[in-house]
Amino acid sequence: MPWFKRTKKGIQTPTEEKKDVPKGLWYKSPTGKVVDSEELEKNFYVSPEDGYHVRIGSKEYFEILFDDNKFKELDKGLTSQDTLKFEDKKKYPDRLKEAQDKTGLKDAIRCAVGKSMGADLVVACMDFSFIGGSMGSVVGEKIVRAAEYSLKKKIPLLIISKSGGARMMEAALSLMQLAKTSVKLAQLSDAGIPYISLCTDPTTGGTTASFAMLGDINIGEPGALIGFAGPRVVRDTTGKELPEGFQTAEFLLEHGFLDFITHRRDLKRNINLYLDLVLNRPLREKSA
C-alpha cells in the first residue's frame with residue numbers, strides 16, 4: 001500500500017491548525033539572494049549578500065532617520081480631489097479609495113518633523129506603493145507646506161523621492177506642481193536654509209524635472225533608477241543603444257548629476273554630517 005494513501009475517510013485539518021509558512025518571512029532580491037525578513041530589517045532593508053536596497057516607504061525611512069522613531073506628522077489629513085472628473089478603467093475617486101485602503105496612506109507622500117541626531121529636521125518622503133508614487137496636487141501641496149514649515153522654523157528640509165512621475169489622473173494640475181514646488185524651494189535657498197534631496201529607486205518623470213534635482217546637495221541610493229523618461233523610452237526616441245548602467249545612481253554620479261551615493265545604513269549620519277558642515281555646527285559623532 002502506498003504510504004500516502006488515506007485509509008480513513010473524512011479526515012480534515014481545521015484551518016487554524018494548518019502549519020503554513022507566514023507570508024513575508026523571507027525576501028528574495030532581484031539577484032536571487034534570499035534573506036530572512038527580520039535580518040533584512042536589521043540591515044536597514046538592504047540585502048546583506050549583494051547590497052541590494054529594497055524599496056521601502058515613509059514608515060521605514062522615518063524609523064531610520066528620526067531619533068527613537070519619534071516625530072510629528074505634518075498635514076496628515078490632506079487628500080486628492082477629482083476636480084477633472086477623470087475616469088479610465090476606474091473612476092479616480094475609486095482608484096484613490098483602493099490605494100488608501102491597500103496602503104493605509106492618504107496619498108503618495110508623508111511629511112514629518114523630528115529630531116535626527118539630536119537636531120530638528122523636516123522630512124518629506126514619497127511612497128511608491130500609493131499609485132506608483134505619482135505626483136498629484138496633494139504631493140505638491142505637502143512639499144510646499146513642509147518647505148514653509150522649514151522656512152518659518154528655520155529647520156533644514158530633506159525630500160526623499162520615489163516616484164513614477166506626474167499623476168495622469170490630475171493632468172495639468174499635476175504638472176503645475178513642478179513650478180509650485182520649485183518656487184518654494186528657491187525661497188528656502190534665498191533664506192539660507194539647507195535643502196537635501198535624496199533620490200531613491202525609482203526617481204523619474206516630473207519629480208526629477210523639479211524638486212528631486214534642486215537640492216543644495218543631491219544624494220542617491222546605490223543602484224537607484226534616476227531619470228526623466230525610462231531607458232526604453234529614451235532608447236526608442238533616440239534610436240541609439242544606451243551606455244551600460246544608464247540612469248543608475250552610479251552613472252549619474254559619474255556625470256555630475258549627484259553629489260554622492262550613500263548606503264542606507266550611513267544615511268542618517270551622512271545627512272547630519274553635511275548639515276553640521278554647511279551650518280557651521282560642531283560635528284556630532286553619535287546618534288541621539
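This is a predicted model: local features need pLDDT of at least 70, side-chain atom pairs count only at pLDDT 80 or more; totals for chains, interfaces and linings use all residues.
## Aromatic pairs

The model holds four aromatic pairs. In one of them, the ring centres of phenylalanine 62 and phenylalanine 66 are 5.4 Å apart and the planes meet at 55°, so this pair is tilted. The angle falls between the limits of 30 degrees for stacked and 60 for edge-to-face. Both phenylalanine 62 and phenylalanine 66 are buried. Ring pairs also bring in Phe71, so that Phe62, Phe66 and Phe71 are linked into a cluster.

Another aromatic pair joins phenylalanine 246 and phenylalanine 251. Their centres are 5.5 Å apart, and with 70° between the planes the pair is edge-to-face. Phenylalanine 246 has a relative accessible area of 22% and is therefore partly exposed. Phenylalanine 251, at 16% relative accessibility, counts as buried, because buried means under 20%.

## A charge over a ring

Arginine 55 places its charged end over the ring of phenylalanine 128. The distance from that charged end to the ring centre is 4.6 Å.

## Helix H8

Helix H8 covers residues 267-278. With 12 residues at 1.5 Å a residue, H8 should span 16 Å. The C-alpha atoms at its ends are 17 Å apart, which agrees with that expectation.

Buried residues in H8 include Leu267, Lys268, Asn270 and Ile271. Asn272, Tyr274, Leu275 and Asp276 are also buried. Just after the helix, asparagine 280 takes a positive phi of about 55°.

## A nonpolar surface patch

Which residues make the nonpolar surface patch of about 410 Å²? The patch is formed by Leu273, Leu277, Val278, Leu279 and Leu283.

Is alanine 119 buried or exposed? Its relative accessible area is 15%, so alanine 119 is buried.

Alanine 119 and arginine 284 are 165 residues apart along the chain. In the model, their C-alpha atoms are separated by 9.8 Å.

Note on methods
Residues are numbered from 1 along each chain as its sequence is written. Side-chain values use heavy atoms; hydrogens and water are left out. Rings of Phe, Tyr and Trp (its six-membered ring) pair if their centres lie within 6.5 Å; planes under 30 degrees apart count as stacked, over 60 as edge-to-face and the rest as tilted. Buried means under 20% relative accessible area, exposed over 50%, partly exposed in between (1.4 Å probe, protein chains only). A charge sits over a ring if NZ of Lys or CZ of Arg is within 6 Å of the ring centre and within 35 degrees of the ring normal. Patches are made of residues with over 30% relative accessible area and no salt bridge: like charges are joined within 9 Å, nonpolar side chains (Val, Leu, Ile, Met, Phe, Trp, Tyr) within 5 Å. Accessible areas come from the Shrake-Rupley method with a 1.4 Å probe; for residues, only the protein chains shown count as cover. A salt bridge is a side-chain nitrogen of Lys or Arg within 4 Å of a carboxyl oxygen of Asp or Glu. Helices (H or I, at least four residues) and strands (E, at least two) are DSSP runs, numbered from the N terminus. The expected span of a helix is 1.5 Å times one less than its number of residues.
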